[in-house]
Number of protein chains: 2
Amino acid sequence: MTFGECFETKCSSASFPVCVGLDPRLDEIPTVTSERALAASSSREDAVRNAIARFHELVISAVADLVPAVKLQLAFYEQYGIAGLLALRDTIAAAKRADLLVIADGKRNDIPSTAEAYARAFLGRASVFGESVPAFDADALTVNPYLGWDSLVPFAETAQQHDKGFFVLLHTSNPSSRDLQEAVVDDQPVYLRVAGPVSALEEEFFPEGRFSSAGAIVGCTFPAAAAAIRRALPRSPIVVVGYGAQAGNLSGCAACFSDADDGAIVNASRSLTYAWPEQPGSEDDVVATIRANTERMGSDLVAALMSRQGVAEPLSR
Amino acid sequence: MTFGECFETKCSSASFPVCVGLDPRLDEIPTVTSERALAASSSREDAVRNAIARFHELVISAVADLVPAVKLQLAFYEQYGIAGLLALRDTIAAAKRADLLVIADGKRNDIPSTAEAYARAFLGRASVFGESVPAFDADALTVNPYLGWDSLVPFAETAQQHDKGFFVLLHTSNPSSRDLQEAVVDDQPVYLRVAGPVSALEEEFFPEGRFSSAGAIVGCTFPAAAAAIRRALPRSPIVVVGYGAQAGNLSGCAACFSDADDGAIVNASRSLTYAWPEQPGSEDDVVATIRANTERMGSDLVAALMSRQGVAEPLSR
C-alpha cells in the first residue's frame, strides 16, 4: 500500500484529523515519569533515553485510537545526543506497534547525492557490509525545498520504492516565513512556486489514488496561502502546522482540507502533551490529560469543518 | 576566542585553504580498514561505528597539518542509524584533538523555538536533569534559510554564547539551486536577499574582528554569484562547495576569497578521501594517498589565487 493510500485509510478510520507532535523536552516531562526513569537507569544517558521513550509510550497509548499520526520533531531528540536518538528509535517502533503513521520532522535536504543519503536514513535502507539495513525507518520525512527541485527527486524515488512519503515545506507557520516563502517571483509567491515540482513528482511517481505520497507542510497561520496550496495540490496529503500558536487559525486549518473534509491532519505538540492543569500525580493522570487535550482539539477541528459546510461560499475556496 | 577569530587563525597557519569533507560511505572505505573493523567488532553495529571512525582517524592524520577544517556531512552518518551517529561523535572528538575546525554539515533549520533545539544539539548544551550537557558539540553548523530570518537568530545567539559559528546556505553548487536561489525578487536574486539578514546578525552579534562567526555556504559552480556574495558579506567566513564537481570552477573558488586571499575554505570530499589509483594495500597507503590528493588540490587553489594577483582587474571584483 502506498503512503498516500495509507494516509487516506488511517485518516478515514481515526476519530479526529489530528497529528500529535512529539517534542522531547526533559524539563517538562512529568516528574512521575522522569523520576521513575532516573531511579531505574544505571547512567544519565540511559535515564534520558528511558524518560523520553517512556513518556512517548504514554502519549501514544493516550491517543492511538483517536488519531492517524504522530510527528517526531528531530531537533528535540538530537539535542540529547545519542541518548535522544536511541529514544527516537524506540518511539518510532512504539508508534508503529500502535499502528500510527510516523512522520519524522527533520526538514532535511541537500544536493541530490546527499539527499539520497537522507532518504535512505529515514525512508529507505543503507548498504551495510552487503546487507540492506534501515536506519530510522519512519513512514514519512519533512523536506526543505531551498536547494531546488532536483533535491526533491531522491525523496520521491525512495518513497516510491519503499511505500513511504515526504512532506515538502511550502509555507511554515512562523511570522517571518513571509521573508522568503511569500517573496513574489514572476507574479507568484515562492510557496506556490514550490507546489510546481511537488505536483510534477506526484504525476511522475504517484499517479494513482486519491492521495499521493508527496505531501506539503502548511501553516494554518496564513489561511489565504493555505487555501491556495490546497487548490494547487489537490492530491497532496497536508500536515498543518502552527495550530494553537495564535488565536483564530481554525479557518487556516479548515482551508487545508478537501471539500470532502479529508486530505489534511493538523499537528499540535505542546498544547497536547505538555499542558497540565497541575503536575500529574500518576502516569494514569498523564494519559488521561493528554487524551482529554487531544479530544478537545479534535472536537474543535471537527466543529470548524462542519460549520464551513453551512456556508454558501466555502471558506476561501 | 570567537569562531571568526579561530577561523582566521587556523586559516592563516594552514598550508592550504582546504576543508576536507568527511562523508562516510561504507562501500568505499578501503577494505584494509573495513575488514579490520569487522574482525575486531562483536556486532554489525560496532563494526559500522569502528570502520567509519577508524577511516576518519586516518583521514584526519593525513591532513591535520595541512588544512584548517573538516566538514562532516550528517546525512551520510544518519543513514547508518545509531552506529553512524556514534561514529559522528567519535570523529568530532578526533578532529578536535587534531586541532581542526569541525563543521557539522546538517543544513538544519526550523521555526525559531525548534531552531533553538538544533542550535543546542550542535553548538550549545541542553538541560539534562539539572545539568548543562553538550550533544554533538561541533564548532559550526550549516543552516538553511527557507524558514525566514527569525529562524537564523537562535544560531547567532547560541554561537555568540559558546564561541561557535554557523554557515547559512546562500547559493549551493547543484544545477537546480537556480530554481529558488536565483529567483529574482524586487530586482535581487534570493541568494543575495539572504545575505541581508546574515549581515544584520553579524553586526548585532559579532561586530568585532576581521571575520564574524556568521558564515555562508557558496557553490563555486556559480562564479558571478560567488563574487557578489563576497562583496555583500566581506566579513563572513565562506565554505566553498562543489569543487571538483565540474571543470573550470577555480575562478568560482577564487571569487569567494578576500583581496588578501583569505576568508574562505574550499571543501572537497570524494576527490580527496575516496580517490584511489588502486585499492590501497595498507593504512599507510590510505594516509599517503589522501595526503597527496589534498596537497594537489591545495596547490591548484593556491596557484589560482596567485594567478589572479597578476590580473589588472581582479576576477569579477
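Which residue in β7(A) is the bridge partner of A:Thr142? In this predicted model, local features need pLDDT of at least 70 and side-chain atom pairs count only at pLDDT 80 or more, while totals for chains, interfaces and linings use all residues. Residues are numbered from 1 along each chain as its sequence is written, and chains are lettered from A in the order in which they are written.

**View 1. Pairing of β6 and β7 in chain A.** Strand β6 (residues 140-143) and strand β7 (residues 165-171) of chain A pair in the parallel sense over four bridges, where pairing requires that DSSP finds at least two bridges between two strands and a strand is a DSSP run of E with at least two residues, numbered from the N terminus. The partner of A:Thr142 in β7(A) is A:Phe167.

**View 2. The closed barrel of chain A.** Eight strands, in the order β1-β2-β3-β6-β7-β10-β11-β12, form a closed barrel with parallel pairing. From one strand to the next, the twist averages 30 degrees.

**View 3. Packing of α3(B) and α5(B).** The two helices (DSSP runs of H or I, at least four residues) pack at an angle of about 25 degrees with their axes 8 Å apart, the axes being lines fitted to C-alpha atoms over the stretch in contact and angles running from 0 to 180 degrees between N-to-C directions. That angle makes α3(B) roughly parallel to α5(B), a term for angles under 35 degrees.

**View 4. The contact of chain B with chain A.** Each chain is represented, with 55 residues from chain B and 55 residues from chain A, counting residues whose C-beta atoms, placed from the backbone, lie within 7 Å. On the side of chain B that touches chain A, α6(B) gives the most, with six residues.

Terms used:
Contact = placed C-beta atoms within 7 Å. Parallel < 35°, antiparallel > 145°, perpendicular 65-115°, else oblique.
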